[in-house]
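Here are my notes on this one, point by point. Have the model open while you read.

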Amino acid sequence: GTVTVDAPDATDEQLAALKGAVDAHCPMCDFLGGTCTMTLGLDCKPSEGLAAGNDEGLSAEAIGDLGAALGADPAAAMVIYKSSSKLEKGLCTSVTLPNTPHHGPYVIDEPSAMPGGQNKGPNPMDLCLGALSTCQDITYKAYATAMSIPLAKVETSIEGDLDLRGFLGVDPNTPMGFSKITGTVTVDAPDATDEQLAALKGAVDAHCPMCDFLGGTCTMTLGLDCKPSEGLAAGNDEGLSAEAIGDLGAALGADPAAAMVIYKSSSKLEKGLCTSVTLPNTPHHGPYVIDEPSAMPGGQNKGPNPMDLCLGALSTCQDITYKAYATAMSIPLAKVETSIEGDLDLRGFLGVDPNTPMGFSKITGTVTVDA
């Protein structure tokens, strides 16, 4: 990935200090390092009369054929997911997912309680939980189909606990990312036995790409480079200042309970592998449609993939953290842009090769600044 910032008046020492602060305090980087405990339960209950959607070509045979093809040609299983984001005004950032450029861009922001936040979109941590919940929906449906378990409906609700004192650098012992994630996947499988449901949960736990990735199995490198910003002007900081950040940090240091934030995601499988996700902290934005490409049985390409969404959460979190810490450190920063790529081998998700990771094997990136 690449983060591009416009900081023509910053010294090399300031930029090095800024990168160190971002690396140490970016909530997504901390979370993706595997510092969080995650518990996702399975519940089975009637779908209250909702009928199953059209499976859009999803079948055990189609999944088996794809797995066999990728097993015979491992190079064809390699997918590069991508995210490209750009800081706008204050802490508001816009992200495009290049694999599905016809969907988006998506606006990501902080709530108005955060200096510079305008509440124009969900927070990166909400987005990350959205990627996790929709990945659970898709993996449950795909593996239920492969295991011939009739599954009419899948819904996932997830919550993540985060203490803002970590992000703001108030307490060095506080994690920057989630400390805990809990959730429940609710399925409608009236004809499934308890043994089948237990086997299905085991298969999903073993093959969900987001669960694997969030367990800290991926190497991640975000470097720093220097590059002119081509004359693009800085946006309005929307109340973002070193003083405002300091005041918030002091207030949360004095009242740690006020620093606790619960991020949430609620998703529901639609047709095929297409799923719709709502982020309850910002219900006025969304819902967002998440899907698989048409090359995946059941995929209709109606929205980005959960792994694209996850990289979008990471790149926008970098944008926001760079801007916030540059402001707190009195480093003039007119612009931030981030481009990130993640390598994933589909043989892991499809269970073709037990030695292949299910999530990203590598994320690379460079922070590019104008100084």
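1. The chain's accessible surface is about 14,500 Å², and carbon and sulfur atoms account for 52% of that (Shrake-Rupley method, 1.4 Å probe; for residues, only the protein chains shown count as cover). Buried residues are 53% of the 371, with buried meaning under 20% relative accessible area (1.4 Å probe, protein chains only).

2. Some housekeeping: this is a predicted model, where local features need pLDDT of at least 70 and side-chain atom pairs count only at pLDDT 80 or more, while totals for chains, interfaces and linings use all residues. Numbering runs from 1 along each chain as its sequence is written, and side-chain values use heavy atoms, with hydrogens and water left out.

3. On overall shape, the radius of gyration is 21 Å, which agrees with the value near 21 Å for a compact globule of 371 residues (taken over C-alpha atoms; the rule is 2.2 Å times the number of residues to the power 0.38). Along the principal axes, the C-alpha atoms fill a box of roughly 65 × 45 × 35 Å.

4. The chain has 10 helices and 13 strands, which are DSSP runs numbered from the N terminus (helices H or I, at least four residues; strands E, at least two). Of the contacts between residues at least 6 apart in sequence, 75% join residues at least 24 apart, a contact being heavy atoms within 4.5 Å.

5. Now the holes. On a 1 Å grid over the protein atoms alone, a cavity is a set of points where a 1.4 Å probe fits but cannot get out; a pocket is an open set with protein on both sides within 12 Å along at least five of seven lines; lining residues have an atom within 4 Å of a point.

6. The largest pocket has a volume of about 370 Å³. Its lining has 26 residues, with Tyr81, Glu292, Pro293, Asn305 and Leu346 nearest the centre. Elements giving two or more residues to this lining include H3 (60–72) and strand E3 (78–87).

7. Which residues are closest to the centre of the second largest pocket? They are Glu110, Pro111, Leu164, Val261 and Tyr263, out of 17 lining residues. This pocket has a volume of about 270 Å³.

How values were computed. Grid points are joined across faces, edges and corners, and a volume is the space filled by probe spheres set on the points. Buried means under 20% relative accessible area, exposed over 50%, partly exposed in between (1.4 Å probe, protein chains only).
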